[in-house]
Amino acid sequence: MTELRLLGPVELSLEGRTPEVGPPQRRTVLAALAVDTGRPVPVDVLIRRVWGTEPPDGARRALHAHIARLRRLCEQTESLGPSRLRLLRRSGGYLLEARADQVDIHRFRQLTGWARESGRTDEARAALLREALGLWHGEPLAGLGGQWAAQVREAWRRQHADAAVAWARLESRLSDPVSVIGPLTELLEEYPLVEPLTEALMRALHAAGRSAEALDSYAAVGKRLAEELGTDPGPGLRAVHEAILRGGLAKSVAQPSSWAAESVAQPASWKGEFVAQPGPQPARSADRPEPRTKEPASSTRLTAFAGPGAPPWRPGTAPGQLPMGVRGFTGRSNELARLTEILDSAEDQPSAVVITAVSGTAGVGKTALAVHWARLAQPSFPDGQLYVNLRGFAPGGSVMDPAEAVRGFLDALGVPPTRIPAGFEAQVGLYRSLLTGRKVLVVLDNARDAEQVRPLLPGAPGCLALVTSRRSLTGLAATEGAQLLTLGLLAADEARELLALRLGADRVSADPAAVQEIVRRCAGLPLALAIVAARAAAQPALPLAALAAELRGAEGLLDALDGGDASSEVRAVFSWSYRALGAGAARLFRLLALHPGPDATLPAVAALAGTPAARTRVLLAELVRGHLLTEQPAGRFAFHDLLRAYAAELVAALDDDAVRHSASHRMYDFYLHTAHRADALLTPRPTPAALPAAQPGATAVELTDHRQAQSWFSAEQQVLLAAVEQASVSGFPGHTWRLASALTTYLDRHGNRRALIAAHTTALDAARRQGDSAGQAEAHRGLGLAEDRLERPDEARAHYLRALELFGEVGSDTGQARIHQHLSRMSEAHGRHEEALGHAHESLAHHRAAGDRAGESAALNHIGWILAQLGDHRRALAHCLQALEPAQETGDLNGQAHIHDSLGWIRHRLGEHTKAVDHYQQALELFHQTGDRHGEAAGLVCLGDIHDTTGRPYPARVAWTQALAVTDELGLPDTDPLRAALLERLGPLTGESWGRSPLPDR
């Protein structure tokens, strides 16, 4: 018997022996073929599964080499007759020929499918499920990295949990309930918020006479649900709990008699995962319907929501977020040894999460120590390193919200926006679930207090959190058992060693008296020593005695920093270094304090200073050489907090209000006009209110396409959100709401609802203070969109209607058009098609009145789509064809993709299949070009449907298989409507027809 095992390590079993498959990459190729046993897998799909979305240049060549070796492996099975394996070349791809019962995952699905069939006894169902669960031998696809393997692994783990719950319920009724208690307890450690598991465990414990433990299980899951999701146990779990309390579980709580009956109702009770909702899903973008698999509006769809109860997302690529280490790091041997000792001791406590908090004064080198040790300890954390600067003591109040940090970690861990839940608690739960079973180092730098840190702490053993703060975080020690480490000033010999590393041992030893004075003036603070060393290195011919004398004569310009006794000496170092700057660099240093942070690019700094980019680059280089500014990767520049505070006091003391206002105005104009340009590339349309001209010197970044716009928003998101907050309190209310407006589409498409609400709440307050009706209208629109995406239709509608009223007051046709578009989409999502059609016509009228050709196109396409849902296909076709011209005229690629998608669907219903195929192929090309992966997958499904309808099964299977690969990359669960439709179309894997029959004509 030949067996291919995927539910554990990927391996091949031949008559009891296990030949070596090869390295992990080859085993990934084998798994990528085996999951589609009996179906051809296109080469591009194989490459994407093995190497990801950006494969190396030699990927295709390497794939062919792996295929050749796997063929030779399959040839060893030729003598085994019916149980042989064959690896066959098919047009555009490869096919692994095998029987379903030879591949464990297919056998598992076969057995669980039989268990669902009607007519079987409970005994037969339990036996089938018992056999299916026995096929699992550890983590599926064990040892394989990459995003595809991680996504497939998690889908299978969910299926495993479903089968285990069904088996436990059956087994508890049929035999000894004690036999299921152990397996269910283990599963609950993996899925602590999955209510069917808790319910099954409670039933088993109660039946075994352990009712107190059952009630404890209920209390534990209730507490977790409240803390992590802010919700209560579902009705099924509550009913079991109440029945146990009454002592009448068997009579009071009806148990389904079959797994088929259970599985119908089961998804709704998996808190935070799968919730049945009527009607089609809400549209994805703000201005046009989301691409989707076309289906009747009255159907019920299951919407996936990845909360902390969801199977963890386990990306294949380990994050590596540690910043660059400090050149010439010296000293701190005792502290480094202590950190290593704490790490080593963690191995003796495998159930504990290790938390180490390093505290010390500003500039003492906490970050340098943390990053240096983290890089030394990297081998102990093979699953990655996460890093975030929490900006706990940033001047200006731009402290990072824990929600922003969690969202950044989820992005770093590779979670697609479609998998990120809306609520903060749910995001924290998902983040902690991702770290379960992994060894990850989490560096939380520059924390303000324990409350800022707690949501970011991993919840799983094997991980270590390293926290730095100016405050001693004793609260973490008291409640989380953190190890505390205080970092003091450098000793005199360590300070001399630092100078020797930066300046050379000969120069330092040549004048010990001068070195001693420099060390004393710098008060053992590494930041101050680094600044002095930079100045000395820039003047190699200058004696150190002269530098010491200059430092001795400097006067501090700040009254207070929280640096303790060393503060006055550190201020002297800052002022001394500042006075050594040229006039241009000194002015730039002061003005940089006006930037919202956390960092800035050359074009932004040039706008702030009002100087040409070439001149600004020279001034920045002078500040970097003097260690008054740090140049980070990707050409970004940042202050140390102490230096920012120093610069802020200088700009307040030396530059008048007019200078500060002009610099800030140029900076906000730069960000606003660049953001507006980027937003227009994402979705071309005019703004509801005219954009004021930029100040001279505020030159926006030249962005030319969709990808550049996405990249710019991604890089500047933190800066832009900080700018919204800072502009609102620094006298720029117009910039506040306009910046928030320009961010709306980007934040919406990336699922960042919390940031969307925060930005528009600030914008609304600023616009109200100024009595700015246009600003209030746009802020209400943004808040309505956020509430709409959070599925709070009453709140969303209230904001939309208020925005509509305000846009009407100011006479903005563009604003009214967009609000009617939103209301139309909401109405359609709830099955009110006539109402949706009315709003869509209103939107079209206002777009035309505003002369907005891109908006006109979107409205025409939307009208056509609604008419198609109402069955009026000829009128629908006319509207969508009419929509195409203005979309092409304005260069709206995403709009063109949606129109071709609609046209393909309508043509298919009219029986014009050749034209439908042409439209879908154009839509797919455009979706791929704009990076709309969900639209691409939905289009592939519909393309496959047309091929299937017209009797072309092979291209239909190819299209569906490609679509399935895209849903793998998006991380969609099997219950997602799009993925469920694909699985239904691809059907059971018999392994018979595709490998043995001639290929159909293409």
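Predicted model: local features only at pLDDT ≥ 70, side-chain atom pairs only at ≥ 80, totals over all residues.
**Entry 1**

Glu805 has a relative accessibility of 45%, so I logged the residue as partly exposed. Exposed would have required over 50%. I then searched for a charged partner and found Arg802, in a salt bridge with Glu805 whose closest N and O atoms are 3.1 Å apart. Arg802 has a relative accessible area of 30% and is therefore also partly exposed.

**Entry 2: salt bridges over the whole structure**

I ran the search on the whole structure and got 33 salt bridges. As background, I noted that side chains of opposite charge can pair when their charged atoms come close.

I picked out Arg789 and Asp748, whose side chains meet in a salt bridge at 2.8 Å, N to O.

**Entry 3: a network**

I next took Arg848, which forms a salt bridge with Glu856 through their side chains, at 3.2 Å from N to O. The burial of the two ends went into my notes separately. Glu856 has a relative accessible area of 10%, so Glu856 is buried. Arg848, at 43%, is partly exposed. Which residues are linked with Arg848 in a network of salt bridges? I listed Arg853, Glu856 and Glu889.

**Entry 4: Ser843**

I placed Ser843 in helix H36, which covers residues 833-850. The relative accessible area of Ser843 is 0%, so I marked this serine as buried. I wanted to know what surrounds Ser843, leaving aside neighbours within four places in sequence. The contacts I found are Ala817, His820, Gln821 and Ala859.

**Entry 5: nonpolar cores**

I listed the largest nonpolar core and got 78 residues. The members that touch the most other members are Leu6, Leu33, Leu63, Leu87, Leu141 and Trp156. Which helix supplies the largest share of this core? I found helix H6 (residues 147-174), with 12 residues.

I followed up on Leu63. Not counting residues up to four places away in sequence, Leu63 touches Val29, Val43, Leu46, Ile47 and Trp51. I also found a second, separate core of 70 residues. Its members include Leu594, Ala698, Trp712 and Ala727. For context, I noted that nonpolar side chains tend to be buried together in soluble globular proteins.

**Entry 6: strand E10 and its partners**

I turned to strand E10, residues 441-447, and checked its cover. Seven of its seven residues are buried. I then looked up its pairing. Strand E9 (residues 385-389) runs parallel to E10, and five bridges join them. As one of the positions in this pairing, I noted Gln385, whose bridge partner in E10 is Leu441.

Which way does strand E11 run relative to E10, parallel or antiparallel? I found E10 and E11 (residues 464-469) to be parallel, joined by five bridges. Here I noted that Ala447 stands opposite Ser469 in E11.

Key:
Residues numbered from 1 in each chain as written. Heavy atoms only, no water. Salt bridge = Lys/Arg side-chain N within 4 Å of Asp/Glu carboxyl O. Buried < 20%, exposed > 50% of the residue type's maximum accessible area, 1.4 Å probe, protein only. Helix = DSSP H or I, 4+ residues; strand = E, 2+ residues; numbered from the N terminus. Contact = heavy atoms within 4.5 Å. Core = buried A, V, L, I, M, F, W, Y, C linked by side-chain atoms within 4.5 Å. Pairing = 2+ DSSP bridges.
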